[in-house]
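Hi there,

Here is the structure I promised to pass on, followed by my notes on it. Please have it open while you read.

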Amino acid sequence: MISKILLSSALLVSLTGCSLLSSVKTIETQKVAVEKPALNLPNPQSLSLKKVEWVVVTRENAEAVFADLEKQGKPIALFAMTTDGYEALALNIADIKGYLATQKEIIIQYREYYEPQEESENDPEE
């Protein structure tokens, strides 16, 4: 008999949960417009490129170039490319410059979107 009472009371407590002990509170939600945060992106530093010295080695001047390198104490090692390779290198550099210009424009557009410039009160176009 006691086990039936305990079982029925346990069943009653599990069905009602904690609702007998506390009241349910309603939650109100509101939509609030939040302004876009400033990006605060600093402009990148300008490039400081190293000087590159090109030496054109031909059959006629190869001995002189090697002797000059030896005199300067530099190792005699040359990195060479054909005229087609040089043209491909120049085209690749031009493509990189174009890509960087595109990325710069995208960053400018993002900055203008997130941080629009305030129109001045004494704008001559008004």
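Let me begin at one tyrosine: Y113 counts as exposed, at 52% relative accessibility. The cut-off for that label is over 50%.

What are the aromatic pairs here? The structure holds 2 of them. One joins W54 and Y86: the ring centres are 5.5 Å apart and the planes stand at 90 degrees, so this pair is edge-to-face. W54 sits in the loop between α1 (2–16) and α2, while Y86 belongs to helix α3, so the contact ties together parts that are 32 residues apart in sequence. The other pair is the one I started with: Y113 and Y114 have ring centres 5.1 Å apart and planes at 90 degrees, so they are edge-to-face. As for accessibility, W54 is exposed, with a relative accessible area of 56%, and Y86 is partly exposed at 45%.

Together with V52, M81, L89 and I93, they make a nonpolar patch of about 620 Å². L89 is placed in helix α3, which covers residues 83–114. Its relative accessible area is 31%, so L89 is partly exposed.

Now for the overall layout. The chain has 3 helices and 0 strands, giving the pattern α-α-α when read along the sequence. Of the 126 residues in the chain, 2% are buried. The accessible surface comes to about 13,100 Å², and 60% of that area belongs to carbon and sulfur atoms.

Where do buried residues occur in helix α2? Within this helix, which spans residues 62–71, A62, V65 and L69 are buried. They lie on the same side of α2 because they cover an arc of only 65 degrees around the axis. The face turned away from that buried side carries the exposed residues E63, E70 and K71. Just after α2 comes G73, with a positive phi of about 80 degrees.

Finally, a word on confidence. The average pLDDT of the chain is 82, and 83% of the residues score at least 70. Confidence is highest in α2, at a mean of 94, and lowest in α1, at 73. Where pLDDT is low, the predicted coordinates should not be read in detail.

Happy browsing, and do write back with any questions.

Best wishes

Terms used:
Residues numbered from 1 in each chain as written. Predicted model: local features only at pLDDT ≥ 70, side-chain atom pairs only at ≥ 80, totals over all residues. Heavy atoms only, no water. Helix = DSSP H or I, 4+ residues; strand = E, 2+ residues; numbered from the N terminus. Buried < 20%, exposed > 50% of the residue type's maximum accessible area, 1.4 Å probe, protein only. Areas by Shrake-Rupley, 256 points an atom, 1.4 Å probe, with all protein chains shown as cover. Arc of directions from axis to C-beta. Patch = residues over 30% accessible without salt bridge, like charges linked within 9 Å, V, L, I, M, F, W, Y side chains within 5 Å. Salt bridge = Lys/Arg side-chain N within 4 Å of Asp/Glu carboxyl O. Phe/Tyr/Trp six-rings, centres within 6.5 Å; stacked < 30°, edge-to-face > 60°. pLDDT = per-residue confidence, 0-100.
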